[in-house]
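Subject: Structure handover

Hello,

Here is the structure for you to look through. Please open it beside this email, and my notes follow below.

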Amino acid sequence: MNSRASPEHRSAGMSKEAIMVSLADHLIYSNSKYPANATTRDWFETAAHSVRDRLVERWMETMQRYYEQDSKRIYYLSLEFLMGRTLSNAMLNLGMDEQTKAALYELGQEFEAVAEIESDAALGNGGLGRLAACFLDSMATLDLPCYGYGIRYEYGMFRQSIESGMQVEHPDNWLRYGNPWEFPRPELLYPVKFGGRVVEYKHEDGHLRHHWVDTDDVMAMAYDTPIPGYGGNTVNNMRLWAAKSSRDFELRYFNQGDYIQAVADKNESENLSKVLYPNDTTEMGRELRLKQQYFFVSASLQDMLYRYKKNHESWVQLPDKLAVQLNDTHPSIGIAEMMRLLVDVHHQTWDEAWSMTTRIFSYTNHTLMPEALETWPVAMFETLLPRHLQIIYEINHRFLQQVMHHFPGDGALLQRLSIIDEGGRRRIRMPHLAIVGSHTVNGVAALHTELMKRTIFADFERIMPGKFVNMTNGVTPRRWLNQANPGLARLITGRIGKGWVTDLDQLQQLRQYADDAEFQKEFRAVKQANKRALAELISKRLCIEIDPTSLFDIQIKRIHEYKRQLLNVLHVITLYNRIRSGTCSDIVPRTVIIAGKSAPGYAMAKLIIRLINDVADIVNNDQQICDRLKLVFIPNYDVSNAERIVPAADLSEQISTAGTEASGTGNMKLALNGALTIGTLDGANIEIREEVGAENFFLFGLTTDEVEALHRQGYDAMSYYRGNAELKQALDMIASGFFCPDDSSRYQEIVDVLLKSGDRFLLLADYAAYVACQDRVGELYRDTGEWTKRAILNVAGMGKFSSDRTIRQYAEHIWHVAPIQAQTDTGQA
């Protein structure tokens, strides 16, 4: 008997009246409140549970569908999922947005106030985690059977405040009031082992066996969150693991009066899932980070194998039922863990296990920077994961034997390819393990993939031709246009229909309206409303008044030297000097808005944040400047803040040094919302420029080849400093303490990095081209019609950058997984 309910027989209706009944019931039975004494938080909880009811029915139907069809499933392993808020997204994807808002209004509640109560699920740092969230949305929308696996961090990415211009990190206790979207699964507990020793013995069948014994065990407990696709036909699962102690309480310590020690083991074990990205500048922090990675990978793989074995007696079909995607190197220990589980626990032969493993795993690389390619000390593995070290040694030995047979006598090649870096303190190269153990490795933009094959992984490309492929990133239009920018979404739908929400290529139809005066007027009105809303937010939060008619020049991303927020600041100082000197009295009014967090241990990035704020303090309070130039740093950049900033942007700053940014997705979100891009030929900028048209993109700066050539021939930063009066003036002002009169040497380190330490990211080499390009930006902004036309053409050209397109390519070319669609009333999919 089919236990699934057809849509018309679902208990939770979608009409306004049915939603009002749900809200009234949940207010009483889930929150124990009457309307008269209910707080806004009570109403949020009530709304969340009412929406969740409708999610759960579709979620259970989806899971049942997968089991019935015994479908191959995608398992997306990511240390980060930057989900943001769920309420509005779920309402839109389920098609109950207007009804829910209307129901709340009739009950005396404003939806905006209710939605604002929800905390961001900040289980990520930046682009990596937000990409994972977009991918989960797309997989559900495309009816692809998928599980997302990660960690249920008790404290997410820190909450950033700015105090005396400096970043200060505060705990992000996003679970303070609970999480109405998650379902604890106390019955789903898996042991995760650390430490101990490995015992070898010969089994009666003659095979050598290994037992990992005397370990310290932590229990991984599952928390499930439903992920709805657009239309609500498919609701997939995100399973996050929380660490639970295997020993809650040591009674003997309690009886001795040592109450702290009585719970010490419990506290130490559960620290594993406390904090996203512990500070890895200490040995203890690095060890905790490795333990986090293994913890969630081991639990996830145990869960996958348990699910498989419930329906299959043999292991033969395992690669036909599992597609495991490693989102960067963080989960790459999964290669060794899968081998341990198959060989040690399920007693497969090495060759059988390796054949299955290499057909199951695929790996996404997200960086070209050598220092960001994760490695771990062999000594740390010896202590924490001794069995995995043995397995990695064996994988490496067999791999290098194969290489040696094909390239005899090339010892240097073997050293470069080895999973073990033998230079100095021996380290395990996790990207190498991921490459050797995966059937496919992908980059995330065309340039990134090409550089990957040409530079950091050139030797692997030589011996494994065809293994490296490109999957250009994308963003979900459901959140980043339909939800974040409802005014623009309505305008687009009014012209071309609603189909663009699931087929972003339909935005091409907007090209016919680029010169249409009426459409331009409506487009500008939407943009202006978004800018006013952001200006009001900045005024309310930061007490800074900005002109909503000024050019909103936006740079929002993680603070890092290669992303070159410092180049942006140099331009602000240059504009400031021009206004003060009277050389450009008719300058186009500009508001430069920067947001982003620095890693807690990244001293230079934190110093750059302080410089931004010190420059802002001088510029914004100089009476001579008035409203012609403002600089604003918005603290605590997260998904919810991005949803407010992105729709208001006129100009999108994508100015990383060519060859350093893997892809970028902020560039896509901003262009999708009608911002023109100023950028280098880096990451996905190249493909965006191709799609929107070169004339609709402000290009500047050295190319990747020119960057390489400049470094080869010897880059002299001082020559640029001496040869450009405006650049020299700006740097001298920073060095002299103009922006920090209370501490004149505060920014000497920044100037020294640029002038004495080689200016690694070539800010000075690109400065003149950047400033000249910004001058062109200002001139075009004067021409309202032409600017609007180019903004419309940017929106129209963004079809390629939907994460739906990316996921279709993964499913077809890497995972080989087909959609599992819901049955209609006629029984047809």
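First, a term: a salt bridge is a side-chain nitrogen of Lys or Arg within 4 Å of a carboxyl oxygen of Asp or Glu. The model is predicted, so local features need pLDDT of at least 70 and side-chain atom pairs count only at pLDDT 80 or more, while totals for chains, interfaces and linings use all residues. Residues are numbered from 1 along each chain as its sequence is written, and side-chain values use heavy atoms, with hydrogens and water left out.

**Salt bridges**

The count comes to 50 salt bridges. One of them joins Asp303 and Arg307, at 2.9 Å from N to O. Both residues lie in helix α10 (residues 283-311), 4 residues apart, about one turn of the helix. Helices here are DSSP runs (H or I, at least four residues), numbered from the N terminus. An α-helix has 3.6 residues a turn, so residues three or four places apart point the same way.

Are these two partners buried or exposed? Buried means under 20% relative accessible area, exposed means over 50%, and partly exposed is in between (1.4 Å probe, protein chains only). Asp303 is buried, at 1%. Arg307 is buried too, at 7%.

Next, look at Arg478 and Asp804. Their closest N and O atoms are 2.7 Å apart, in a salt bridge. Arg478 lies in helix α20 (residues 477-483) and Asp804 in helix α34 (residues 803-815), so the pair ties together parts that are 326 residues apart in sequence. Arg478 is buried, with a relative accessible area of 1%. Asp804 is buried as well, at 2%.

Arg495 forms a salt bridge with Glu522, at 3.0 Å between the closest N and O atoms. This pair links distant parts of the chain: Arg495 is in helix α21, Glu522 is in helix α22, and they are 27 residues apart. Salt bridges that share partners also build one network from Arg185, Asp224, Arg239, Asp303 and Arg307.

Helix α23 (residues 565-581) has 17 residues. Its first and last C-alpha atoms are 25 Å apart, close to the 24 Å expected at 1.5 Å a residue. That expected span is 1.5 Å times one less than the number of residues. Of the 17 residues in α23, 15 are buried. Gly582 follows α23 and has a positive phi, near 80°.

In α24, 14 of the 18 residues are buried, so the helix is largely enclosed by the rest of the structure.

**Positive phi in a loop**

Most residues other than glycine have a negative phi. Which way does phi go at Asp759? It is positive there, near 45°. Asp759 sits in the loop between α31 (748-755) and α32 (763-782). Asp759 is buried, at 1% relative accessible area.

Leu762 lies in the loop between α31 and α32. Leu762 is not a glycine, yet its phi is positive, about 55°. At 0% relative accessibility, Leu762 counts as buried.

Best wishes

Notes:
Helices (H or I, at least four residues) and strands (E, at least two) are DSSP runs, numbered from the N terminus.
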